[in-house]
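Dear colleague,

Please find below the structure that I am handing over to you. My notes on what was found in it follow directly after.

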Amino acid sequence: MTAKPILTSLLLAASLLGLSACGGSSSSGSSGSDSVDNGGDNGGDNGGSAPPDNNVVRFILMGDSGSASNGAYAVGKAMAAVCEARGCDLVLGLGDNIYESGVTSVMDPQFEEKFELPFEPVDLPFYFVLGNHDNTGFFGGDGAGNATGEYQVDYHYRDAEHPDAPRASQRWKMPDRYYRFSEGEQDNGKPLVEFFGIDSSQVAGGFPDSDENYSYNNFGLAQAEWLKSSIETSQAKWKFVFAHHPYVSNGSHGNAGNYDGVPGFLLPVLAGERYKAFLEETMCDRADFMFAGHDHDLQWLMSQPDCGKTEFILSGAASKTRSLEGRNSNPVFYEKGDSYGFVWVEVKGDQFYGEVYEVDPDDGALGIGSLTDPQPAFIRSTLQQPAEGIASSDAFTSPLQANPEFDVYGEEGNLDEVQSTFAEGFTQLAGAVNDPTMAALINAMAQSSVGLIEVLDALSTGVQKAAEEQNPDLLMAGSARASQALLYSLQQLQAVVDSNESLPAPFDQLGGILDEFRASVPSADDQGSGEGSADLRSLTDPVKALAMNIQGLVDAIEEETGVVPVVGGSFALLSELLFDVGRTLDAVGNASTAELGQVLVSLVEDLLNNILVGIIPIEQFAPAEVTNAIGLGPKFLSSVLLAVVREVTFVLDNTLLALLAPLIGALDELLLTPLFDGLASLADFEF
């Protein structure tokens, strides 16, 4: 779902500078390509005096190169000197190729000003990927205009498509937004190295792109499947992924999942949480190295537990510099800020050898000691590592995958006592049922109901805490938790369907009911820009329809003979809770801020009253010793639930409204945005 304007206005001020700071302070729609033609006379040039050797691959890593600064010219000269002395086959350009806002056409003179001229000394193919500055939509570096990046792909083909206006050189290589190519050869004839260039801006750019060609479904999933399949089928000995945005970084942008200090649980796209999931599903523990830029410094980082054997080199100082901030303090072999530079790599057999060069444009020797005998600032050699066998992930292609760490009882809230007593009672009740299938259904109904109670608890408690502490983040956190609780509830039902191939009638209808619900929820791409109640109804109507369908199942249960009556009571209660969730979402979305506290008071009371009514049929049919043992009798009803009703009503009605005043105009937006973003993703999710 596209971020709503009020949410953007609150968060943009805090994150805008950090995100667009890929430009930083300077010290001065694609299907992917499977191979690349090295192109013309440059493809076979090793760039130096070292003799060609097909069993060795040597290349340069440079990122954030497109400013045409004095530093960029110095880096170009230093790269040429290193290639002359060491030998080079190619250069990897790690994004932000044209600052500050990309190019406006394939004929844009910035191609010559910011690439051809600064790096003219390096007569090699440059394989580029796109950065957020190359995909600008509104302001430099927002990453919201992915169509802009297409011009850089077009530049690869300009000579063929515009023979009357050829490029200054044939060095620019970008046959697609994501692509693969190989270099070198093993003794068995298979490639020594294969490179996989990916378009991280569409996944990690932060701000939504209104062009559906670059939507999650139309672009993100396709690229993920391509990368995963390409790496798995590659016959190369070494596999390298290169992109603009890093997986981990000690620079100012930081790690994916916490980019620019934005908490991932609040804004998973802006924080790079979705990009982190993308990389962990597609390349972690499969690729030997990932190369990136984005932060304008030089880092050689160690492998990470969640990414297996994969190591990381960040080289984003080709034309701009920035101080290291140590935002995430990842373990490193080397790191350097406030310096221009690049990395030279040699791959031979089982060995990966790298040299980091720091460049000083004010030094006659460019900071590398000697132009004829360049001296690196850091050297490291490592042997190829085996895969560590980390657990596979589908967290990206299943966008609302349940968080394995999600605990439906893990957060304090107003309804905690209701949840715990409710769950304990139903667990013991299921134990008194002799039929294992019926007992499993009761347990599933109970856990699903607990999850639905948590949806309302997370929303109401989030509002209360946000008001008490005057912190909108707490409200958004509650809303994000509510979406996880809703998913948890649906998964409990699906688990019963999946584990029982032949449920007796009428329970065999449950699978079809869940399939119908999933199909009725619109995807995030169908939500448009969000104009209030219309979009809200498109999300809440499926919840209400699910409630009605389950109520229909209850009616069918009543018509069947020989069915344990308590199961019917469980389904009836579940249906009532689903109706409560749907009404809550509608009420919160349509009520004014001044009425919101009163709306929640009414809905919480209604919820608890429904629990009272829903439990009564179970109490009627369950054995007396069971109801007495688990507290489902009058004592439970009066002392626990009614006490909670009074407490919640007092808190909301007497203290909350006054505290809400500073949040007027933003509360409903903050509350609904993460919840409905999650709910919209259910259309693409397999429970």
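I begin with a pair in helix α8 (residues 273-282): lysine 276 and glutamate 280 are 4 residues apart there, and therefore separated by about one helical turn. Helices (H or I, at least four residues) and strands (E, at least two) are DSSP runs, numbered from the N terminus. The two residues form a salt bridge, with 2.6 Å between the closest N and O atoms; the term denotes a side-chain nitrogen of Lys or Arg within 4 Å of a carboxyl oxygen of Asp or Glu. Lysine 276 counts as buried at 19% relative accessibility, and glutamate 280 likewise counts as buried at 16%. Here buried means under 20% relative accessible area, exposed over 50%, and partly exposed in between (1.4 Å probe, protein chains only).

Please note that this is a predicted model, in which local features need pLDDT of at least 70 and side-chain atom pairs count only at pLDDT 80 or more, while totals for chains, interfaces and linings use all residues. Residues are numbered from 1 along each chain as its sequence is written, and side-chain values use heavy atoms, with hydrogens and water left out.

The whole structure contains 16 salt bridges. Shared partners join Glu150, Arg177 and Asp199 into one network. Lysine 320 pairs with glutamate 100, their closest N and O atoms being 2.5 Å apart. This pair links distant parts of the chain, 220 residues apart: lysine 320 lies in the loop between β10 (311-315) and β11 (332-336), and glutamate 100 in the loop between β2 (90-93) and α3 (110-116). Lysine 320 is buried, at 5% relative accessible area, whereas glutamate 100 is partly exposed at 37%.

As for the overall make-up, the protein chain has 18 helices and 14 strands, and 59% of its 687 residues are buried.

The largest nonpolar core has 64 residues, and Phe59, Leu92 and Phe291 have the most contacts inside it. Such a core is a set of buried Ala, Val, Leu, Ile, Met, Phe, Trp, Tyr and Cys residues joined through side-chain atoms within 4.5 Å. Helix α2 (residues 70-86) supplies the largest share of this core, 8 residues. Apart from this core lies another, of 52 residues, including Ile453 and Tyr488.

Finally, strands β13 (residues 351-359) and β14 run antiparallel and are joined by 6 bridges; strands pair if DSSP finds at least two bridges between them. Valine 356 has phenylalanine 378 of β14 as its bridge partner.

With kind regards
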